[in-house]
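Please walk me through this protein model. I care about the surface, the aromatic side chains, the charges and the overall build.

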Amino acid sequence: MVSSNLFHCTKRSWPPEEYISKNTLQLFDFDSAAPPEQAWRRRLNSHANLLKEFSVTFREAIQMVRLGIRLWSYVREEASHGRKAPIDPFTRESCKPSASQGVPLGGMGSGSISRGFRGEFRQWQIVPGICESSPIMANQFSIFISRDGGNKNYASVLAPGQHEGIGKAGDQGISSWGWNLNGQHSTYHALFPRAWTIYDGEPDPELKISCRQISPFIPHNYRDSSLPTAVFVYTLVNTGKERAKVSLLFTWANSIGGMSHLSGDHVNEPFIGEDGVSGVLLHHKQVIKP
(Lines give C-alpha, C1' and ligand atoms only; values in the text may rest on other atoms or scores of the structure.)
Protein backbone atom coordinates (compact mmCIF):
# COMPACT_ATOMS: atom_id res chain seq x y z
CA MET A 1 0.00 0.00 0.00
CA VAL A 2 1.26 3.45 -0.84
CA SER A 3 0.39 7.03 -0.12
CA SER A 4 1.64 10.32 -1.45
CA ASN A 5 0.68 13.93 -1.98
CA LEU A 6 0.51 13.06 -5.66
CA PHE A 7 -2.00 15.71 -6.63
CA HIS A 8 -0.37 18.54 -4.66
CA CYS A 9 -3.69 20.31 -3.99
CA THR A 10 -7.28 19.65 -3.01
CA LYS A 11 -8.84 21.26 -6.07
CA ARG A 12 -10.90 18.99 -8.29
CA SER A 13 -8.55 19.68 -11.16
CA TRP A 14 -6.33 22.40 -12.51
CA PRO A 15 -7.89 24.71 -15.09
CA PRO A 16 -6.20 23.79 -18.39
CA GLU A 17 -5.09 27.39 -18.99
CA GLU A 18 -2.84 27.18 -15.91
CA TYR A 19 -0.68 24.76 -17.90
CA ILE A 20 -1.59 25.71 -21.49
CA SER A 21 -2.22 29.18 -22.89
CA LYS A 22 -5.82 29.99 -23.81
CA ASN A 23 -4.71 30.67 -27.36
CA THR A 24 -3.30 27.15 -27.70
CA LEU A 25 -6.47 25.63 -26.26
CA GLN A 26 -8.53 27.50 -28.86
CA LEU A 27 -6.27 26.29 -31.66
CA PHE A 28 -6.86 22.67 -30.58
CA ASP A 29 -10.63 23.09 -30.11
CA PHE A 30 -11.46 20.49 -32.77
CA ASP A 31 -11.13 16.74 -33.27
CA SER A 32 -10.80 16.24 -29.47
CA ALA A 33 -7.21 17.52 -29.69
CA ALA A 34 -7.59 19.74 -26.59
CA PRO A 35 -7.44 18.07 -23.15
CA PRO A 36 -10.55 18.17 -20.93
CA GLU A 37 -10.81 20.33 -17.84
CA GLN A 38 -11.16 17.34 -15.49
CA ALA A 39 -7.76 15.73 -15.94
CA TRP A 40 -4.60 14.92 -13.99
CA ARG A 41 -1.81 17.18 -15.27
CA ARG A 42 1.95 17.33 -15.09
CA ARG A 43 4.63 19.32 -16.89
CA LEU A 44 7.09 17.13 -18.77
CA ASN A 45 10.05 18.70 -16.97
CA SER A 46 8.65 17.89 -13.53
CA HIS A 47 9.79 14.95 -11.42
CA ALA A 48 7.64 12.22 -9.95
CA ASN A 49 7.05 12.14 -6.21
CA LEU A 50 8.36 9.23 -4.20
CA LEU A 51 5.55 6.99 -2.98
CA LYS A 52 5.85 5.89 0.63
CA GLU A 53 4.60 2.61 2.01
CA PHE A 54 2.43 2.57 5.07
CA SER A 55 1.49 -0.20 7.49
CA VAL A 56 -1.82 -1.18 9.04
CA THR A 57 -2.57 -0.80 12.75
CA PHE A 58 -2.82 -3.76 15.13
CA ARG A 59 -6.60 -3.42 15.23
CA GLU A 60 -6.84 -3.42 11.44
CA ALA A 61 -4.56 -6.48 11.28
CA ILE A 62 -6.82 -8.39 13.69
CA GLN A 63 -9.85 -7.55 11.57
CA MET A 64 -8.12 -8.91 8.46
CA VAL A 65 -6.87 -12.20 9.96
CA ARG A 66 -9.64 -14.31 8.41
CA LEU A 67 -9.11 -12.71 5.02
CA GLY A 68 -5.35 -13.24 5.32
CA ILE A 69 -5.79 -16.95 6.07
CA ARG A 70 -8.07 -17.41 3.05
CA LEU A 71 -5.61 -15.60 0.78
CA TRP A 72 -2.67 -17.61 2.14
CA SER A 73 -4.51 -20.88 1.46
CA TYR A 74 -5.40 -19.71 -2.03
CA VAL A 75 -1.79 -18.71 -2.84
CA ARG A 76 -0.46 -22.07 -1.60
CA GLU A 77 -3.07 -24.02 -3.61
CA GLU A 78 -2.19 -22.16 -6.81
CA ALA A 79 1.52 -22.74 -6.18
CA SER A 80 0.92 -26.49 -5.72
CA HIS A 81 -0.49 -26.56 -9.26
CA GLY A 82 2.47 -24.63 -10.64
CA ARG A 83 0.51 -21.42 -11.07
CA LYS A 84 1.11 -17.92 -9.78
CA ALA A 85 -1.82 -16.43 -7.91
CA PRO A 86 -2.94 -13.15 -9.53
CA ILE A 87 -3.57 -11.76 -6.03
CA ASP A 88 -0.64 -12.40 -3.71
CA PRO A 89 -0.15 -9.80 -0.95
CA PHE A 90 2.58 -11.93 0.67
CA THR A 91 5.09 -11.53 -2.18
CA ARG A 92 6.79 -8.25 -2.97
CA GLU A 93 6.17 -7.34 -6.58
CA SER A 94 8.86 -5.91 -8.85
CA CYS A 95 6.36 -3.44 -10.34
CA LYS A 96 5.48 -1.10 -7.51
CA PRO A 97 3.12 1.82 -8.04
CA SER A 98 4.97 4.84 -9.33
CA ALA A 99 4.05 8.52 -9.48
CA SER A 100 5.66 8.67 -12.93
CA GLN A 101 3.00 6.44 -14.47
CA GLY A 102 0.32 7.75 -16.77
CA VAL A 103 -2.66 6.13 -18.48
CA PRO A 104 -1.82 2.54 -19.50
CA LEU A 105 -2.09 1.21 -23.04
CA GLY A 106 -4.14 -1.84 -23.92
CA GLY A 107 -7.63 -3.24 -23.60
CA MET A 108 -9.45 -4.78 -20.66
CA GLY A 109 -7.85 -8.08 -19.54
CA SER A 110 -5.40 -8.09 -22.46
CA GLY A 111 -2.24 -7.05 -20.65
CA SER A 112 -0.94 -3.52 -20.57
CA ILE A 113 2.01 -1.19 -21.02
CA SER A 114 2.09 1.97 -18.96
CA ARG A 115 3.28 5.22 -20.45
CA GLY A 116 4.93 7.67 -18.11
CA PHE A 117 3.83 11.28 -18.16
CA ARG A 118 7.21 12.24 -19.68
CA GLY A 119 6.74 9.88 -22.64
CA GLU A 120 8.54 6.67 -21.66
CA PHE A 121 6.90 3.24 -22.06
CA ARG A 122 7.26 1.26 -18.82
CA GLN A 123 5.49 -1.19 -16.43
CA TRP A 124 5.31 -4.01 -19.02
CA GLN A 125 2.64 -6.56 -18.05
CA ILE A 126 2.20 -8.52 -21.28
CA VAL A 127 2.92 -12.00 -19.88
CA PRO A 128 0.56 -12.99 -17.02
CA GLY A 129 2.31 -12.90 -13.65
CA ILE A 130 5.37 -11.02 -14.97
CA CYS A 131 5.94 -7.29 -14.68
CA GLU A 132 8.93 -5.43 -16.09
CA SER A 133 9.05 -1.95 -14.55
CA SER A 134 12.03 -0.39 -16.35
CA PRO A 135 11.37 1.75 -19.45
CA ILE A 136 12.71 0.79 -22.86
CA MET A 137 14.14 4.09 -24.04
CA ALA A 138 14.27 3.08 -27.73
CA ASN A 139 10.46 3.27 -27.78
CA GLN A 140 9.90 6.93 -28.63
CA PHE A 141 8.17 9.42 -30.86
CA SER A 142 10.47 11.88 -32.64
CA ILE A 143 9.75 14.90 -34.81
CA PHE A 144 11.64 16.61 -37.65
CA ILE A 145 10.62 20.10 -38.79
CA SER A 146 11.93 22.20 -41.67
CA ARG A 147 10.56 25.54 -42.84
CA ASP A 148 10.60 27.21 -46.24
CA GLY A 149 13.96 28.77 -46.90
CA GLY A 150 15.82 26.19 -44.84
CA ASN A 151 16.84 28.70 -42.19
CA LYS A 152 14.85 27.01 -39.43
CA ASN A 153 15.19 23.29 -38.76
CA TYR A 154 14.26 21.38 -35.64
CA ALA A 155 14.69 17.74 -34.64
CA SER A 156 14.00 16.14 -31.28
CA VAL A 157 12.73 13.12 -29.46
CA LEU A 158 9.31 14.08 -28.07
CA ALA A 159 10.42 13.44 -24.50
CA PRO A 160 12.84 15.28 -22.20
CA GLY A 161 16.29 13.76 -21.92
CA GLN A 162 16.46 13.53 -18.12
CA HIS A 163 15.47 9.87 -17.95
CA GLU A 164 16.67 7.01 -15.79
CA GLY A 165 17.49 4.91 -18.87
CA ILE A 166 19.65 7.54 -20.58
CA GLY A 167 23.43 7.62 -20.22
CA LYS A 168 23.80 4.17 -18.68
CA ALA A 169 26.29 1.59 -19.93
CA GLY A 170 23.60 -0.42 -21.70
CA ASP A 171 21.71 2.37 -23.43
CA GLN A 172 23.11 1.20 -26.82
CA GLY A 173 23.83 4.71 -28.08
CA ILE A 174 20.33 6.02 -27.36
CA SER A 175 21.84 8.86 -25.31
CA SER A 176 23.25 10.25 -28.58
CA TRP A 177 19.75 10.79 -29.99
CA GLY A 178 18.38 14.33 -30.20
CA TRP A 179 16.98 14.76 -26.70
CA ASN A 180 16.44 18.48 -27.29
CA LEU A 181 13.09 18.84 -25.53
CA ASN A 182 13.21 20.77 -22.27
CA GLY A 183 9.61 20.02 -21.28
CA GLN A 184 8.97 23.40 -19.67
CA HIS A 185 6.23 24.24 -22.18
CA SER A 186 4.96 20.70 -22.67
CA THR A 187 2.27 19.10 -20.51
CA TYR A 188 0.66 15.72 -19.94
CA HIS A 189 -3.09 15.42 -19.28
CA ALA A 190 -4.68 12.12 -18.18
CA LEU A 191 -8.35 11.14 -18.04
CA PHE A 192 -8.69 7.37 -18.29
CA PRO A 193 -8.83 5.74 -20.80
CA ARG A 194 -7.37 8.67 -22.76
CA ALA A 195 -4.36 10.95 -22.37
CA TRP A 196 -3.09 14.08 -24.11
CA THR A 197 0.45 15.43 -24.43
CA ILE A 198 0.58 19.07 -25.54
CA TYR A 199 3.83 20.51 -26.92
CA ASP A 200 3.19 24.26 -26.74
CA GLY A 201 5.98 25.58 -28.95
CA GLU A 202 8.52 22.80 -28.37
CA PRO A 203 10.78 22.12 -30.17
CA ASP A 204 9.55 24.65 -32.80
CA PRO A 205 8.26 27.87 -31.14
CA GLU A 206 5.76 28.35 -34.00
CA LEU A 207 4.33 24.83 -34.03
CA LYS A 208 1.71 23.51 -31.59
CA ILE A 209 1.51 19.73 -31.25
CA SER A 210 -1.17 17.59 -29.61
CA CYS A 211 -0.69 13.83 -29.11
CA ARG A 212 -3.88 12.04 -28.10
CA GLN A 213 -3.64 8.50 -26.69
CA ILE A 214 -6.71 6.26 -26.85
CA SER A 215 -7.30 2.73 -25.53
CA PRO A 216 -10.48 0.78 -26.39
CA PHE A 217 -12.62 1.01 -23.27
CA ILE A 218 -16.17 1.25 -24.62
CA PRO A 219 -19.26 1.13 -22.32
CA HIS A 220 -21.43 -1.99 -22.79
CA ASN A 221 -19.01 -3.44 -25.37
CA TYR A 222 -16.65 -5.86 -23.68
CA ARG A 223 -15.51 -7.49 -26.94
CA ASP A 224 -13.97 -4.36 -28.47
CA SER A 225 -12.87 -3.18 -25.02
CA SER A 226 -10.70 -6.31 -24.75
CA LEU A 227 -8.69 -5.59 -27.91
CA PRO A 228 -4.96 -5.39 -27.06
CA THR A 229 -4.42 -2.11 -28.86
CA ALA A 230 -3.91 1.62 -28.49
CA VAL A 231 -4.03 4.55 -30.90
CA PHE A 232 -1.96 7.75 -30.96
CA VAL A 233 -3.49 10.68 -32.88
CA TYR A 234 -1.30 13.70 -33.66
CA THR A 235 -2.72 17.15 -34.40
CA LEU A 236 -0.36 19.93 -35.53
CA VAL A 237 -1.10 23.65 -35.86
CA ASN A 238 1.36 25.95 -37.61
CA THR A 239 1.20 29.49 -36.16
CA GLY A 240 4.14 30.80 -38.21
CA LYS A 241 4.11 32.69 -41.48
CA GLU A 242 6.25 30.09 -43.26
CA ARG A 243 5.10 26.68 -44.36
CA ALA A 244 6.46 23.83 -42.29
CA LYS A 245 7.35 20.34 -43.46
CA VAL A 246 6.89 17.97 -40.53
CA SER A 247 7.87 14.31 -40.24
CA LEU A 248 6.96 12.06 -37.31
CA LEU A 249 9.06 9.01 -36.45
CA PHE A 250 8.04 6.17 -34.15
CA THR A 251 10.74 3.75 -32.98
CA TRP A 252 9.88 0.53 -31.15
CA ALA A 253 12.05 -2.35 -30.00
CA ASN A 254 10.72 -5.87 -30.57
CA SER A 255 10.26 -6.45 -26.86
CA ILE A 256 7.84 -7.45 -24.15
CA GLY A 257 9.81 -5.63 -21.46
CA GLY A 258 13.11 -5.97 -19.70
CA MET A 259 15.95 -7.24 -21.91
CA SER A 260 13.70 -9.47 -24.03
CA HIS A 261 14.55 -7.51 -27.20
CA LEU A 262 18.10 -8.88 -26.92
CA SER A 263 17.12 -12.56 -26.60
CA GLY A 264 17.28 -13.10 -30.38
CA ASP A 265 15.26 -14.84 -33.12
CA HIS A 266 12.77 -11.96 -33.41
CA VAL A 267 11.48 -11.01 -36.87
CA ASN A 268 10.07 -7.67 -38.07
CA GLU A 269 7.87 -7.94 -41.17
CA PRO A 270 6.59 -4.95 -43.20
CA PHE A 271 3.06 -5.26 -44.59
CA ILE A 272 0.53 -3.38 -46.71
CA GLY A 273 -3.12 -4.12 -46.05
CA GLU A 274 -5.90 -4.38 -48.64
CA ASP A 275 -7.12 -0.93 -47.62
CA GLY A 276 -3.68 0.57 -48.27
CA VAL A 277 -2.68 0.77 -44.61
CA SER A 278 0.99 -0.10 -44.16
CA GLY A 279 2.96 -0.99 -41.07
CA VAL A 280 5.38 -3.40 -39.45
CA LEU A 281 4.40 -6.70 -37.86
CA LEU A 282 6.67 -7.70 -34.96
CA HIS A 283 7.13 -11.44 -34.36
CA HIS A 284 8.55 -11.94 -30.88
CA LYS A 285 9.97 -15.28 -29.77
CA GLN A 286 9.42 -15.59 -26.06
CA VAL A 287 12.03 -17.49 -24.07
CA ILE A 288 10.24 -19.90 -21.75
CA LYS A 289 12.09 -20.40 -18.49
CA PRO A 290 11.81 -23.93 -17.04
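Phe58 is exposed, because its relative accessible area is 68% and the cut-off for exposed is over 50%. The model is a predicted one. Phe58 lies in helix 2. On the surface, Phe58 belongs to a nonpolar patch with Ile62, Val65 and Ile69. Together these residues have about 430 Å² of accessible area. Two elements give two or more residues to the patch: helix 2, residues 58-63, and helix 3, residues 65-80.

Now the overall build. The protein has 290 residues, and 36% of them count as buried. Its secondary structure comes to 4 helices and 15 strands. Take the contacts with a separation of 6 or more: 56% of them are between residues 24 or more positions apart. The accessible surface is about 17700 Å². Carbon and sulfur atoms hold 55% of that surface.

Next, the aromatic side chains. The whole structure holds 12 aromatic pairs. One of them joins Trp40 and Tyr188. Their geometry is edge-to-face, with 6.3 Å centre to centre and 75 degrees between the planes. This pair links distant parts of the chain. Trp40 is in strand 2 (residues 40-43), Tyr188 is in strand 9 (residues 186-191), and 148 residues separate them. Both Trp40 and Tyr188 are buried.

A further pair is formed by Trp124 and Trp252. How exposed or buried are Trp124 and Trp252? Trp124 has a relative accessible area of 1%, so it is buried. Trp252 has 31%, so it counts as partly exposed. The cut-offs behind this are under 20% for buried and over 50% for exposed. Trp124 and Trp252 also belong to one aromatic cluster, along with Phe121, Phe141, Phe232, Tyr234 and Phe250.

Rings also meet charges here. Arg42 lies over the face of Phe117, at 4.9 Å from the ring centre. Arg43 has its charged end over the ring of Tyr19, 4.7 Å from the centre of that ring.

Then come the salt bridges. A search of the whole structure finds 9 of them. Arg122 and Glu120 form one, at 2.9 Å from N to O. Both of these residues are buried. Asp200 and Lys208 form another, with their closest N and O atoms 2.7 Å apart. Asp200 is buried, and so is Lys208.

What about Arg243 and Asp148? These two residues form a salt bridge as well, with the closest N and O atoms 3.1 Å apart. The pair links distant parts of the chain, 95 residues apart. Arg243 is in the loop between strand 12 (231-238) and strand 13. Asp148 is in the loop between strand 7 (140-147) and strand 8 (153-157). Is Arg243 buried or exposed? Arg243 counts as exposed because its relative accessibility is 64%. Asp148 counts as partly exposed because its relative accessibility is 40%. Finally, Arg147, Lys152, Asp204 and Glu206 are linked in a network of salt bridges.

The last stop is Ser156, in strand 8. Ser156 has a relative accessible area of 3%, so it is buried. Which residues does Ser156 touch, leaving aside those up to four places away in sequence? They are Ser142, Ile143, Gly178, Trp179, Asn180, Leu181 and Pro203. Asn180 is 24 residues from Ser156 in sequence. In space, their C-alpha atoms are 5.2 Å apart.

Terms used. Residues numbered from 1 in each chain as written. Predicted model: local features only at pLDDT ≥ 70, side-chain atom pairs only at ≥ 80, totals over all residues. Heavy atoms only, no water. Buried < 20%, exposed > 50% of the residue type's maximum accessible area, 1.4 Å probe, protein only. Contact = heavy atoms within 4.5 Å. Areas by Shrake-Rupley, 256 points an atom, 1.4 Å probe, with all protein chains shown as cover. Patch = residues over 30% accessible without salt bridge, like charges linked within 9 Å, V, L, I, M, F, W, Y side chains within 5 Å. Salt bridge = Lys/Arg side-chain N within 4 Å of Asp/Glu carboxyl O. Phe/Tyr/Trp six-rings, centres within 6.5 Å; stacked < 30°, edge-to-face > 60°. Lys NZ or Arg CZ within 6 Å of the ring centre and 35° of its normal.
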